[in-house]
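Here is a short briefing on a protein chain.

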Amino acid sequence: MKALTLKAKNYRNIKEMSINTDPGINLICGDNAQGKTNLIEALWLFTGCKSFRGSRDSELVAFGEERANLEFEFYSEGREQTAEIIIDKKRSGTLNGIKMQSVRELIGVFSAVVFSPVHLSIVKGSPEERRKFIDMAVAQSKPLYAKSLAGYNKVLKQRNVLLKSLYSNPSLADTLDVWDERLAAYGADIVVYRYEYTEHLKKEAVQIYEELSSSKEKFTFEYAPTIRNIILDGDNISEEKADKGKIPFDEKGNPDYGEIKRRLYSNLVKHRKDDISAGTTSVGPHRDDFEIKVNSVSARSFGSQGQQRSCALALKLAEAEVLRKITDTSPVILLDDVMSELDPSRQDYILNRIKDKQVFITCCDLTPALNMCAGKVFEVKNGEVKEYIKK
């Protein structure tokens, strides 16, 4: 997967731009608020996803203009391809000259992994941010996961509506069994997918972090599901505390879907009274978390700014590596403002030791360019992009 050329017109503060990229490292330099992230964002839109900055489509058009145009040439699926995106109130476009019904048709045609300051929330934020990261990553490599997740969220919403209505209509409590069975079935799918993906991700992330830190720090990443081994016996409910947070396996060493489903259902039954009182579902994969540690302590609570940034970066680079192994092609890596708060050795890793991948990196000064062994450098000023020729 390679980006070849990118053209933009009336895109945010970029009036007009045309660049030919390097197949390796592409460094994008400039002061703050000059348009560096806009260039990264324009590339990201060709994945078929929305802006990673959370912007509405109408906000992507330059002030005073009616629409923005993006043109892209890239190498994918063994051949050169072209795509165009037109943005006014919404996005539309073409792929190889053929009009797309939706720009989401680009998903899987051009693949990229993006890191920006907002992704520090993977480490510093709530469990919801970590679940969101894992869910998006799994969905890229396992399309069926998105279907299971959508099914789970739909049933979860319906169960919560039912819980709220039980105060006024207690007779509806008998229908909870149906919803709990369906929620446990979808939930077991999610737990299995998350576990299997996390095992692949952490293997790559541990190695990347070791290289980032020059083997001076130890990184760990673990899935922390909320299921408990609860035993239902008539009206008696007991909990095996020694089994907290663990996933049951079958005789072949694989996650035991049937047992996971049973435990999720038992969890829902045990917490029904509390859920009815609260009007919401308190247990299940929507409460899962992922533990990130450096040198055996929580990176969220005790990690330095540099360590937290390194953790998030290692996870995003690991995401790209897992995707490469699953799809047999390397996604393009987009790194926005990644250099700040990293020491020189970690910057050197990013500039010179990310191999066999195309990388786009934004930074505020040209100093890192002097340390690059190869690649191209682009200067951005007031939305104008020019290639910088190293002397």
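**Aromatic pairs**

Y145 is buried, because its relative accessible area is 0% and the cut-off for buried is under 20%. The model is a predicted one. It holds 10 aromatic pairs.

- A pair of aromatic rings is described by two values, the distance of the centres and the angle of the planes.
- F72 and F110 form an edge-to-face pair. Their centres lie 4.9 Å apart, with 80° between the planes.
- F72 belongs to strand 4 (residues 68-76). F110 sits in the loop between strand 7 (98-99) and strand 8 (112-115). The two are 38 residues apart in sequence, so the pair ties together separate parts of the chain.
- Both F72 and F110 are buried.
- Why is the pair of Y145 and Y193 edge-to-face? The planes of the two rings stand at 75°, and over 60 degrees counts as edge-to-face. The ring centres are 5.4 Å apart.
- Y145 lies in helix 4 (residues 143-165) and Y193 in helix 5 (residues 176-212). This pair links distant parts of the chain, 48 residues apart.
- Which residues do ring pairs link into a cluster? They are F46, F72, F74 and F110.

**Largest pocket**

- The largest pocket holds about 1000 Å³ of space.
- Its lining counts 39 residues. Nearest the centre of the pocket lie W44, C49, K50, M136 and Q140.
- Which element gives the largest share of the lining? Helix 3 does, with eight residues.
- What is the make-up of the lining by class? There are 17 nonpolar, 13 polar and nine charged residues.

- Three strands form an open sheet, in the order 9-12-13. The pairing is antiparallel.
- Strand 9 (219-224) and strand 13 (297-298) stand at the edges. Each has a single partner strand, so one side of each is left without a neighbour in the sheet.
- How many bridges join strand 9 to strand 12 (residues 289-294)? Six bridges do, and the two strands run antiparallel.
- T220 stands opposite K293 in strand 12.

Terms used
Residues are numbered from 1 along each chain as its sequence is written. This is a predicted model: local features need pLDDT of at least 70, side-chain atom pairs count only at pLDDT 80 or more; totals for chains, interfaces and linings use all residues. Side-chain values use heavy atoms; hydrogens and water are left out. Rings of Phe, Tyr and Trp (its six-membered ring) pair if their centres lie within 6.5 Å; planes under 30 degrees apart count as stacked, over 60 as edge-to-face and the rest as tilted. Helices (H or I, at least four residues) and strands (E, at least two) are DSSP runs, numbered from the N terminus. Buried means under 20% relative accessible area, exposed over 50%, partly exposed in between (1.4 Å probe, protein chains only). On a 1 Å grid over the protein atoms alone, a cavity is a set of points where a 1.4 Å probe fits but cannot get out, and a pocket is an open set with protein on both sides within 12 Å along at least five of seven lines; lining residues have an atom within 4 Å of a point. Grid points are joined across faces, edges and corners, and a volume is the space filled by probe spheres set on the points. Ala, Val, Leu, Ile, Met, Phe, Trp, Tyr, Cys and Pro count as nonpolar, Asp, Glu, Lys and Arg as charged, and the others, Gly among them, as polar. Two strands pair if DSSP finds at least two bridges between them.
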